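Subject: Structure for you to look at

Hello,

I am handing over the structure we talked about, and I would be glad if you opened it alongside this message. My notes on what was found in it follow below.

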Amino acid sequence: MPIPRRALVAAAVALVLPLSACGSGDDGGSTDASGKVEGDITFQTWNLRANFKPYFEGVIADFEKKYPGTHVKWIDQPAEGYADKISADAAGGTLPDVVNVSPDLVAPLAKAGLALDLDKSAGQYKKEYLDGAWAGHQVPGMTGTYAFPWYLNTGPLFYNKSLFEEAGLDATEPPTTYDELFADALRLAKKSDGKVATLANVPTIEDFGRYGVELMNKEGTAFSFNDAKGVELLTKYKELYDAKALDTQALTATPESSGKKFLTGAVAMNPGSALDLGNFKKQAPNLYKNIGITDQITSTGKVNMYVMGVMVNARTKRTPAAVAFAHYVTDARNQMSFAKKVAIFPSTAGSLDDPYFTEEDGTDETRVRIAAAKSLKNAVNYTPVLFSEQMKTALRNEVAKALQGKKSPKTALDNAVKACDTLLRQQG
């Protein structure tokens, strides 16, 4: 996955495996990972070679030294078309032995019998990872875990203190609940005559999750974000949109365009990461002087996290070596080393207690890193593993119609759930 900027965004690519990938598994490898670690394996990453070539070459060399008789061939694929490449390899029987995946990529591979169930083959390693991270690559309706957790990310909410003060709000007391957020947003819009919006993005599936909406049934067979709580959230956003407390261009906004609005002072709050602070300092020094940093707002007590994983091909001929290498890449030592090269966080248990993630040094960057690390200990990935890019588009389209007053929030969400359930059935 492209790091650092896009590490903050859950990998959002639709992946539909051709039926030819769903064979009987006669050419499959063994699920027993207890044998001798030896032989040649291939390892595929997602747009990481350009920035981290020495790191990965070092990890591979160390692994081969630890296990004489092994050889790891490293393949790095570009960001664009990664899902298509995996789909083609899956259909053609050329999927690498060890593959960098996101939860939405692993789901169809697991359903096709191409992702090794680590609960069965490598369950002894589960205790080494955070519970929420290990669960990140589980698929509703299936038993098992289909990738080792790798790096995580999350971030705070940034806010513009001067805009809060101009609206008569206490800049030292930013909103910590949804009720406070909506009240402050309406006040900011009113005081600025609609010139300053507080939020720049329409609610996504992740936002419904943070609000406490039950997104899907436990069997993974139907979505449920059109419940009373979901309708309540969308109704609140409609109020914000009508009052210009939600940016008028939110219907077509991207994370990049929203970030620019925040930089120019047209929007008062925006999610981000420690990486953004350097950007503020360089591109908007006046904003940097007035930057406020607060926690993600959530009704569940758990923030959202994005998780990357390392999957083992269930048809590898070198199961012991593939599992050993996937575990090696994601073990505490290597994850900690990687986290110090870029602003991501390890998914291994105990790593977030390292002084790097707990000791202040007076800088905002460290403050954000420490706060994010603390929140990740019980964070969850709110985006359902089965929620495809097409489903995200369907939800966004219906949310837009509700905000524009073309449909009621209830009707819009009912339609979105219906569309997503249809797409879910098509996934097989």
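The pLDDT is the predictor's confidence in each residue, on a scale from 0 to 100, and it belongs here because this is a predicted model. For the protein chain the mean pLDDT is 90, with 93% of its residues reaching 70 or more. Residues 1-27, however, have a pLDDT below 50, although this stretch has 75 contacts in the model beyond near neighbours in sequence.

Please look next at a pair of helices, namely helix 1, which covers residues 49-66, and helix 14, which covers residues 332-339. Their axes lie 11 Å apart and the angle at which they pack is about 165°; since angles over 145 degrees count as roughly antiparallel, helix 1 and helix 14 are therefore roughly antiparallel to each other. Their crossing is right-handed. On the side of helix 1 the contact involves Phe52, Tyr55, Phe56, Val59 and Asp62, which meet Arg333, Asn334, Gln335, Ser337 and Phe338 of helix 14.

Is His137 buried or exposed? With a relative accessible area of 0%, His137 is buried. Leaving aside residues up to four places away in sequence, His137 touches Val101, Ser102, Pro103 and Val106, then Thr145, Tyr146 and Ala147, and also Val307, Met308 and Gly309.

Best wishes

Note on methods:
Residues numbered from 1 in each chain as written. Predicted model: local features only at pLDDT ≥ 70, side-chain atom pairs only at ≥ 80, totals over all residues. Heavy atoms only, no water. Contact = heavy atoms within 4.5 Å. Axes fitted to C-alpha atoms, helices over the stretch in contact; angles between N-to-C directions. Helix = DSSP H or I, 4+ residues; strand = E, 2+ residues; numbered from the N terminus. Parallel < 35°, antiparallel > 145°, perpendicular 65-115°, else oblique. Left-handed = near helix turned anticlockwise from the far one by under 90°. Buried < 20%, exposed > 50% of the residue type's maximum accessible area, 1.4 Å probe, protein only.
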